[in-house]
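This briefing is for a reader new to the structure shown below.

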Amino acid sequence: MNKKDLSESDIKAKFITPSILKSGWDEQTQIGREIFFTDGRIYVKGKLTTRGKRKFADYILFYKPNVPIAIIEAKDNKKSVKSGMQQALDYAEILDIPCVFSSNGDSFYFHDKTNTSGEMESELTLDQFPTPEQLWEKYKQYKGIKTKEIETVASQDYFFDTSGRSPRYYQQIAINRTVEAVAKKQNRIILVMATGTGKTYTAFQIIYRLWKSGMKKRILFLADRTALIDQTARGDFRHFKDAMTIIKHKKIDTAYNIYLALYQGLSDSKSDDAYKQFSPDFFDLIVIDECHRGSAKEDSKWREILKYFNGATHVGLTATPKETEDVSNQDYFGDPIYTYSLKQGIDDGFLAPYKVVKVTLDIDAEGWRPPKGFKDKDGELVEDRIYNRSDFDKNIVVDDRRKLVAKKITEFLKGNDRFSKSIVFCIDIEHAEGMRSALVNENADLFSENNKYIMQITGDNEEGKRELDNFINPSETYPVIATTSKLMTTGVDAQTCKLIVLDSNIASMTEFKQIIGRGTRINEEYGKQYFTIMDFRNVTNLFADPDFDGDPVMIKDVIEVDDLSGIEDEATDDPIIDIETGEEVDLTEPPELTGGGEITEPPRKKVRINGVLVKVVNERVQYLGEDGKIITESFKAYTKDNINKQFATLSDFLKKWNNTNKKTTIVEALEEQGIFFDILKEEVGQDFDPFDLICHIAFEQPPLTRKERAQQVKKRHYFAKYGEKAQAVIQSLLEKYADDGLLTIESMEVLKLDPINQHGSPIEIIKAFGNKLGYLEALAELEQELYKVA
């Protein structure tokens with residue numbers, strides 16, 4: 001037998017596996033061979049889908065089930081013993097494993113992550129492969145498990161039942177890290193896991209292991225919506241059986257171990273707080289679902305519950321940690337102990353990729369102004385002003401707009417599958433109610449067959465809420481289309497949702513990610529491999545935000561004549577490359593099936609009108625030129641031509657800009673000639689000021705955001721020559737520039753605005769620079785510094 005002629009499988013069977021077994025590893029419970037730990041990304045082209053290559057490890061060694069401590073990458077004997085090390089290290093990083101081996105059947109090459117000062121890598125003979133106890137000691141060193149008490153908790157068994165379900169690799173990491181952190185007496189912990197990645201199952205295993213180990217005896221699972229509690233109790237938590245109770249009607253029974261509760265069920269402003277019926281030390285573990293909401297605000301009523309049980313360990317779960325002036329998950333919990341992102345979930349094939357269809361309506365893009373004497377449906381005169389996207393369905397209801405939105409949604413479904421589960425996100429409950437009616441009229445044929453084809457599912461609608469479980473149940477046909485406002489933005493496990501419609505003004509990245517998460521679950525049995533987002537409000541501009549991860553597979557802008565019925569068949573001619581193999585994906589092969597309460601708001605008075613012609617437009621917006629004629633070219637092209645008429649080169653423009661004391665005059669002159677910077681900001685980005693918009697569009701220069709310019713000035717610290725107060729004022733002006741732009745800081749009125757007014761009255765601020773002339777000179781110098789890079 002020539003060893004060089006043996007296949008990799010033969011090398012594993014004849015040399016590597018026998019060496020591992022000889023060292024005392026149990027074949028049944030400790031050795032995992034050819035373990036696939038991802039499902040392979042789903043690739044989409046038109047309506048065709050296929051899966052990419054799955055990641056798998058030749059060997060993963062476990063101290064106990066789901067506690068991996070070593071990984072081995074095997075190669076055939078033609079390769080060197082070290083040849084598998086880089087791949088093994090990559091997988092070990094993903095899987096959070098400290099002991100890494102490569103072997104070609106001659107020996108083992110060992111990378112020891114616990115040895116940070118000395119020899120990290122060494123070669124071992126086949127007879128020297130470490131025992132389970134030796135590698136367990138290294139794992140404990142790597143994880144900081146220093147006492148027998150911590151070790152007992154960290155090695156506590158997982159829950160297993162007859163279903164054979166086991167955690168995915170990222171759930172395993174989240175569970176193990178959290179259990180180990182709690183065992184080490186860390187009292188504030190946050191897990192960040194994308195929607196659809198099984199946070200509730202992860203929480204169940206964490207609670208089960210801590211409870212069974214005796215580390216935690218009484219546990220409270222807190223949520224802020226009834227649907228979250230009901231789904232949890234019926235789902236993974238059902239295995240707690242008689243040890244678990246749901247706190248209802250503020251009735252407290254201290255005989256249980258596991259408690260599920262709504263914040264509202266423990267505390268409200270109308271009656272005594274029920275949570276105070278427990279002693280402050282009753283719970284030793286509190287798990288807070290969707291911890292970016294509810295109790296996240298420091299001065300909220302619900303935060304008082306967490307303060308009351310301050311001595312307990314608090315574990316927060318969220319897909320979208322929140323950091324604002326009022327809410328900081330990081331301040332409360334610290335840095336996440338583990339993060340599994342939307343992008344990672346899509347790349348691993350555990351979450352569905354998505355397409356985006358952007359539909360722009362003319363009254364949204366251009367605004368709508370009522371003709372003189374125009375009356376609403378009640379016969380009242382409509383206030384004479386320009387109404388825009390933020391007004392529609394919030395302050396003013398345009399029936400014709402709702403009809404067109406319903407028509408486009410129906411057109412899309414008719415071209416694909418009219419029984420695709422779909423969620424339409426609306427401004428508020430009234431809007432959800434109105435869209436239900438508009439969709440019923442567009443789908444009268446199917447609605448007449450079953451009046452649950454379209455349902456309003458909102459916090460105030462009992463009939464709709466009763467149908468929520470049927471909507472999320474893949475085996476139930478009805479309801480098909482759900483109109484909602486806030487109730488379904490989070491915690492709704494809609495596995496077969498194939499269409500998400502955005503007709504709500506969503507500015508919050510947190511809410512946006514939560515809504516996208518309604519469609520990211522995969523259910524291949526029911527044909528759900530990807531989903532589509534239909535955007536009527538430019539909400540998907542948030543994809544450009546650096547805080548967003550997980551880009552769409554396609555973005556399509558549509559115009560009025562576009563028939564949405566066939567849009568799912570569209571695909572680019574560009575090849576799709578597998579992120580694992582680097583090879584083109586063949587989508588002609590069928591995909592292989594493989595794999596390891598809303599708070600109701602009081603109704604607002606809205607103006608209701610009809611008889612307004614509403615159309616779908618594309619990005620080509622019409623403008624009035626200097627000569628009074630309509631310009632039909634794109635606004636970017638029109639802007640470039642107009643600026644180039646005045647400034648033939650970039651040098652010409654910079655010379656004019658730098659020599660003009662008040663930059664506002666240049667901006668105003670350009671606006672008089674039909675260059676509208678607000679529209680340019682819509683197309684290029686809201687964070688750029690007129691200078692960068694001009695340089696970028698007219699002279700193809702890469703733009704800098706206001707914050708980037710301000711940051712560069714701060715780094716140079718040129719203002720050190722000024723007195724302490726003057727320096728502080730300049731710092732505040734830089735902050736104001738970063739937030740609001742150049743035009744604001746050039747006005748003397750800025751001295752009355754926050755944060756500049758914190759340094760005193762306008763007169764006191766000017767005195768810090770000697771006099772008004774000194775202040776204006778300092779401002780001019782600040783502007784010079786801001787545009788120095790250019």
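In which sense do strand β9 and β14 pair, and over how many bridges? Strand β9 (residues 188-193) and β14 pair in the parallel sense over 5 bridges. This is a predicted model, in which local features need pLDDT of at least 70 and side-chain atom pairs count only at pLDDT 80 or more, while totals for chains, interfaces and linings use all residues. Residues are numbered from 1 along each chain as its sequence is written, and side-chain values use heavy atoms, with hydrogens and water left out.

**Strand β14**
- Helices (H or I, at least four residues) and strands (E, at least two) are DSSP runs, numbered from the N terminus; two strands pair if DSSP finds at least two bridges between them.
- Strand β13 (residues 285-288) runs parallel to β14 and is joined to it by 4 bridges; Val287 has Val315 of β14 as its bridge partner.
- Strand β14 (residues 313-318) is largely enclosed by the rest of the structure, because 6 of its 6 residues are buried (under 20% relative accessible area, with exposed over 50% and partly exposed in between; 1.4 Å probe, protein chains only).
- In a regular strand the side chains alternate between the two faces of the sheet.
- Both faces of β14 are covered, with Thr313, Val315 and Leu317 buried on one side and His314, Gly316 and Thr318 buried on the other.

**Nonpolar cores**
- A nonpolar core is a set of buried Ala, Val, Leu, Ile, Met, Phe, Trp, Tyr and Cys residues joined through side-chain atoms within 4.5 Å.
- The largest nonpolar core has 86 residues, and Phe101, Phe237 and Phe240 are among those with the most contacts inside it.
- Helix α5 gives the most to this core, with 9 residues.
- A second, separate core has 44 residues, including Trp657 and Val729.

**Leu779**
- Leu779 lies in helix α28 (residues 772-786) and counts as buried, at 7% relative accessibility.
- Not counting residues up to four places away in sequence, Leu779 touches Leu733, Ile745 and Glu746 (contact means heavy atoms within 4.5 Å).
- The C-alpha atoms of Leu779 and Leu733 are separated by 8.8 Å, and the two residues are 46 residues apart along the chain.
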